[in-house]
Amino acid sequence: MRTTTGLRATGTGTLRRTPLERRDLRPDDVAVRIDYCGVCHTDLHSLRAHDESAPTPLVPGHEFTGVVTETGAEVTGFSAGDRVAVGNIVDSCGACAMCKAGQENFCYSFPTLTYGGTDRQDGSTTLGGYSREYVVRDAFAYPLPHGLDPAAAAPLLCAGVTVWEPLRALGVGPQTRVAVAGLGGLGHLAVKMAVALGATTTVISRTQDKRDDAERLGAHGLVVSTDAEQMAAARDSFDVVIDTVSAPHELAPYLQLVAMDGTLCLVGYLGTVTVEAMDLLAGRKRLSSAGSGGRPATAEMLRFCAEHGITADVEVLPSSQVDTALDRLGRNDVRYRFVLDMSDLD
Ligand code: NAP
Ligand code: ZN
């Protein structure tokens with residue numbers, strides 16, 4: 001076993017610095033020194049749901065960048081010193097129809113998640129990227145393109161690819177009218193990507209507060225979701241609505257915004273939702289969802305972001321301030337992603 005340092009949940013919603021073990025390298029593994037790890041709202045959901053008496057520890061973190069320090073005997077695609085990025089999937093069966101189609105994120109036997117997942121070989125629980133080192137199968141590490149700042153690029157690996165896949169799958173381009181509901185980590189990257197794809201892009205936010213930011217991100221407008229008049233005026237006007245809202249909410253107001261034959265894609269809150277069939281019937285509207293990304297889409301997304309200079313707007317904090325980052329994220333006080341600098345874990 002290898003020893004590193006990480007941040008482990010205490011059960012009170014806070015994290016404590018602690019030694020962690022990583023597996024010895026398998027032939028197709030790479031060891032990554034983690035330099036930056038994004039703080040995703042999913043980390044907050046996981047911490048809130050975590051019970052300290054649980055048999056396995058929780059170390060969150062599933063969007064990180066760093067440098068390869070060592071490679072397994074059969075690794076040919078990476079060498080020590082390479083800049084890499086890792087997202088929220090670290091393995092899959094590789095044999096099912098989804099994996100064969102390059103959609104490892106939908107693996108029939110469930111993709112191995114970067115944290116809280118079950119390692120396919122030894123059955124151990126995976127510990128995430130709030131840590132100084134990670135050991136990962138080479139197939140699930142991505143070369144970090146030149147020109148992308150490693151701190152600001154870390155959030156591309158979860159927040160970014162989660163919105164990229166549906167934008168691409170729904171054919172978003174210059175003719176598309178896109179709305180992004182919830183301007184947070186996922187939302188601000190969805191705006192940047194939709195704009196770069198040429199779409200007319202609108203932000204749906206609860207207040208006016210983010211109007212200037214929306215414009216700066218390239219959006220063509222902002223609709224305040226709590227303003228009935230503005231919502232009524234925007235009725236049936238978007239081909240694609242990407243819903244990144246992190247809390248349970250009614251879908252009806254967002255379905256109202258979808259144009260005829262358009263799609264509301266839920267990527268934010270992933271619990272049980274209730275839908276009135278009539279809200280879909282009137283206008284032949286579609287409801288869909290998406291999560292994370294397969295290997296081809298992740299690599300494509302990184303290339304696109306490098307080409308278009310897209311990274312997250314980040315506030316970088318030393319990992320010792322993780323509790324502050326999580327507390328502020330929970331209060332919606334982030335513009336637009338916290339990223340932890342892991343160098344203080346040495
Ligand atoms: P975030 O940065 O906190 O952004 C969420 C945004 O949702 C907020 O900025 C806010 O936007 C809006 N919002 C929050 N509470 C709301 C409420 N009660 N009603 C309406 N809007 C509300 O979170 P994130 O990291 O982008 O993650 C968003 C969600 O996606 C989380 O639930 C996360 O778990 C989920 N997620 C899913 C996947 C996946 O694979 N599908 C991957 C990553 C994350 P405004 O201030 O503009 O209103
Ligand atoms: Zn995430």
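A residue is called buried here when its relative accessible area is under 20%, and exposed when that value is over 50%. With that cut-off in hand, this predicted model can be read from helix α10, where Ala 297, Thr 298, Met 301, Leu 302, Phe 304 and Cys 305 are buried. These residues lie on the same side of α10, because they cover an arc of only 165° around the axis. On the other side of the helix, Arg 303 and Glu 307 are exposed. Among the elements that cover the buried residues of α10 are β9 (142–143), α4 (159–169) and α5 (185–196).

The helix itself comprises 14 residues, 295–308, and spans 20 Å from its first C-alpha to its last, close to the 20 Å expected at 1.5 Å a residue. After α10 comes Gly 309, which has a positive phi, near 65°, while Arg 295, for its part, places its charged end over the ring of Phe 140, 5.9 Å from the ring centre.

In one of them, the rings of Phe 64 and Tyr 134 have centres 5.3 Å apart and planes at 45°, so the pair is tilted. This pair joins distant parts of the chain, since Phe 64 belongs to strand β4 (residues 64–71) and Tyr 134 to strand β8 (residues 133–137), 70 residues apart. Phe 64 counts as buried at 0% relative accessibility, as does Tyr 134 at 3%.

Trp 164 and Phe 304 also form a tilted pair, at 4.6 Å centre to centre and with 40° between the planes.

Note on methods:
Residues numbered from 1 in each chain as written. Chains lettered and ligands numbered in written order. Predicted model: local features only at pLDDT ≥ 70, side-chain atom pairs only at ≥ 80, totals over all residues. Heavy atoms only, no water. Helix = DSSP H or I, 4+ residues; strand = E, 2+ residues; numbered from the N terminus. Expected span 1.5 Å × (residues − 1). Buried < 20%, exposed > 50% of the residue type's maximum accessible area, 1.4 Å probe, protein only. Arc of directions from axis to C-beta. Contact = heavy atoms within 4.5 Å. Phe/Tyr/Trp six-rings, centres within 6.5 Å; stacked < 30°, edge-to-face > 60°. Lys NZ or Arg CZ within 6 Å of the ring centre and 35° of its normal.
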